[in-house]
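Please keep the sequence and the model in view while reading.

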Amino acid sequence: MKYRKLAEEIISGIGGKENINSLTHCVTRLRFKLKNEDIAQTEKLKKTDGIVTVVKSGGQYQVVIGNHVPDVYKEVVEIAGISNFDISDGGDVENTNIFNKIIDLLSGVFAPTLGILSATGMIKGTVSLLTTFGIITKTSGTYNILQATGDSLFYFFPIFLGFTAAKKFKLNQFTGMAIGASLVHPLVMGMLKNEVVFTAFKGIPIIETDILATFLGIPVLLMNYTSSVVPVIVAVFFASKIEKFFMRVIPDVVKTFLVPFCTLLIIVPLTFLSIGPVTTWAAHGVGAFTMLLSEISPILAGALIGTFWQVFVMFGLHWGLIPIAINNIAVMGTGTILMFAFPPSFAQIGVVLAIMMKTKDRKLRSLTVPAFISGIFGVTEPAIYGITLPKKKPFIISCIVSGIGAVVAGMFGTLKYSMGGLGVFGIPTFINPKTGIDMGFYGILISITVAFILGFVITFFTYKDDTESENISTNKEKNVVSENKLVEKETLYSPLKGKVEKLKNIEDEAFSSEAMGKGLAVIPDEGKVFSPADGQIVTFFPTHHAIAMITDKGTEILIHVGLDTVKLEGRYFYPKVKQGEKVRKGDLLLEFDIEGIKKEGYIVTTPIIITNTDDYLDIIETNKKYSDFGEEIINILN
């Protein structure tokens, strides 16, 4: 039920199911594409229990949940009635820049495969460990079955990518799979053993190719497409254009079989004759170039990728690198990009462990335990968004020591030999399949150890709990009450003049449900807000539409002028005090233009909320229908 309630709050916060173009999820995030991001209540979602944060990047509206994202995803899909939604349905990022479109494309094609890619990679890693330590032999049936299980997805990767790319490009998904299957069919693989007819582009690196077969007399530049990445994606893209043409010209009564028939008859030979060779050469070129950069300066490459990897992940920019990493492993048999990205997980958990041991904040300590455990297994978003990033300095420390760890791995010549799990599950992917455990493997162990220890030590000796939170607690103590001691009674006086409404009657679920606390609302006659009690302005929102204050007796009050008026970005609001300022009952806090706000189409109904309602026995609102400035409006009881 808790996931269902959270799902309902998410759907409401993003602007309702009608605002959803598409939805998918990764390890920790719901990834929406919204019709209009402006109507999403981002700040409200960020403050919702169960949500770590919200990130807008690459044309996606990403709600970071953490480890329970699959459960929340299921509930969102069911409640919104979008069970057949997918990453491609309505998911084009039309009104955005080319960079966002590329990131969206790459994440759309590869994201659905990452879970099973990690799982099969973990199996391959387990097999590597078993053979390295002599527990099984490469001639045993156990080895063959486990190796086939682990290698299944990567060997037949074109089929899986044919499926996901077809969804992205809006091609019949089974047509996409058929294209991928054609590339790795046993008959095609068998042709690789044919006698060489002649050699094309002889002497030219990368593109020199033996001609082993022809198609209708045309020489075929035959490649080994098992585990390939780029050829099938490009082929599916062109197939989607071909399919659209035949969908227009072929009669409806025979479209079911004639459209895929015509599409495959054109695209598969075209792929073997041109698309496949050209994209394979390009893939090999990219692989050779990135590997060359790592060989020229592993220290620089490690410093850049290792240091900024967590930043890339935060904004979804890592999707520009992951496909290159997968491509490199497919065409080169090894890779360095994901090797350099490996130490950040361990740097992050080192930092979190230090905070766990140093903090006196019980709530923060309770967050560090699950974040540390998740980080061990490579899921660091809970640690980043929930702990280190909000405190800034620990996050910076984790980035710096990540870069140091990556440099260490680069100095040892560490390579990644297969895709695999995250965190500790990824360690076996650094075992050389030919020579077993070598210096490169020891390099990754030293690398993650260095990142972990440095992260822990530096944070342990520099971390201090936020002085802001300490000051708030101290302020409460000085102002009559402590956090654990409640006042007998406090009276609040009306900050506005106008008609009084019950919260349940206003048109905003966050307020009307009393999720933010008890209180009431006033429909103002005059555009002025006065202080309802003696206290301090804790927050004056940058858009000036809302004021949060704490009274001298510890009551926390939110005065929110109008509904959704944050979108006015400060227009029509004229603050008279500053954040942090001490105020007395009756001091003028804010002036606002009622008519201007109404002309913009917004409601001026103003909720007055006691946000720490749970601290009190009862909140008693006035039963008057109308209130003038300074009249008694709310009584707060122990």
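D151 is partly exposed, with a relative accessible area of 22%, on a scale where buried means under 20%, exposed over 50% and partly exposed in between, computed with a 1.4 Å probe on protein chains only. The side chain of D151 meets that of K124 in a salt bridge with an N to O distance of 3.1 Å, the term requiring a side-chain nitrogen of Lys or Arg within 4 Å of a carboxyl oxygen of Asp or Glu. The pair links distant parts of the chain, D151 being in helix α6 and K124 in helix α5, 27 residues apart. K124, with 19% relative accessibility, counts as buried.

## Basis of the model and overall layout

The model is predicted, and local features therefore need pLDDT of at least 70 while side-chain atom pairs count only at pLDDT 80 or more, although totals for chains, interfaces and linings use all residues. Residues are numbered from 1 along each chain as its sequence is written, and side-chain values use heavy atoms, with hydrogens and water left out.

Of the 638 residues in the protein chain, 51% are buried, and the C-alpha atoms fill a box of roughly 95 × 65 × 40 Å along the principal axes. Helix α11 (residues 255–296) contains F257, which counts as exposed at 51% relative accessibility. The C-alpha atoms of F257 and A80 are separated by 33 Å, the two residues being 177 residues apart along the chain.

## The cavity

The structure holds one cavity of 30 Å³ or more, where a cavity is a set of points, on a 1 Å grid over the protein atoms alone, at which a 1.4 Å probe fits but cannot get out, and lining residues have an atom within 4 Å of a point. The largest cavity has a volume of about 50 Å³, the volume being the space filled by probe spheres set on the points, with grid points joined across faces, edges and corners.

Which residues line the largest cavity? The lining is made by L117, T120, G121, K124, G150, F154, S418 and M419. Helices α5 (114–132) and α6 (141–155) each supply at least two residues of this lining, and the largest share, four residues, comes from α5. By class the lining has three nonpolar, four polar and one charged residues, with Ala, Val, Leu, Ile, Met, Phe, Trp, Tyr, Cys and Pro taken as nonpolar, Asp, Glu, Lys and Arg as charged, and the others, Gly among them, as polar.

## Other salt bridges

A search of the whole structure finds 13 salt bridges. One of them joins R4 to E78, with the closest N and O atoms 3.7 Å apart. Because R4 lies in helix α1 (residues 2–13) and E78 in helix α3 (residues 69–80), the pair ties together parts that are 74 residues apart in sequence. R4 counts as partly exposed at 28% relative accessibility, whereas E78 counts as exposed at 53%. Salt bridges also link R4, E75 and E78 in a network.

E591 forms a salt bridge with K576, the closest N and O atoms being 3.9 Å apart. This pair too links distant parts of the chain, with E591 in strand β18 (residues 588–592) and K576 in the loop between β16 (573–575) and β17 (582–583), 15 residues apart. E591 is partly exposed at 25% relative accessibility, and K576 is partly exposed with a relative accessible area of 44%.

## Aromatic contacts

Rings of Phe, Tyr and Trp (its six-membered ring) pair if their centres lie within 6.5 Å, planes under 30 degrees apart counting as stacked, over 60 as edge-to-face and the rest as tilted. By this rule there are 15 aromatic pairs. The rings of F530 and F629 have centres 4.9 Å apart and planes at 75°, so this pair is edge-to-face. The pair links distant parts of the chain, since F530 is in strand β12 (residues 528–530) and F629 in the loop between β21 (626–627) and β22 (632–637), 99 residues apart. F629 is partly exposed, with a relative accessible area of 24%. Elsewhere, ring pairs link F169, F237 and F238 into a cluster.

Charged groups also sit over rings, a contact that requires NZ of Lys or CZ of Arg within 6 Å of the ring centre and within 35 degrees of the ring normal. K416 lies over the face of F430 at 5.0 Å from the ring centre, and the charged end of K585 sits over the ring of Y493, 4.7 Å from its centre.

Note on methods. On a 1 Å grid over the protein atoms alone, a cavity is a set of points where a 1.4 Å probe fits but cannot get out, and a pocket is an open set with protein on both sides within 12 Å along at least five of seven lines; lining residues have an atom within 4 Å of a point.
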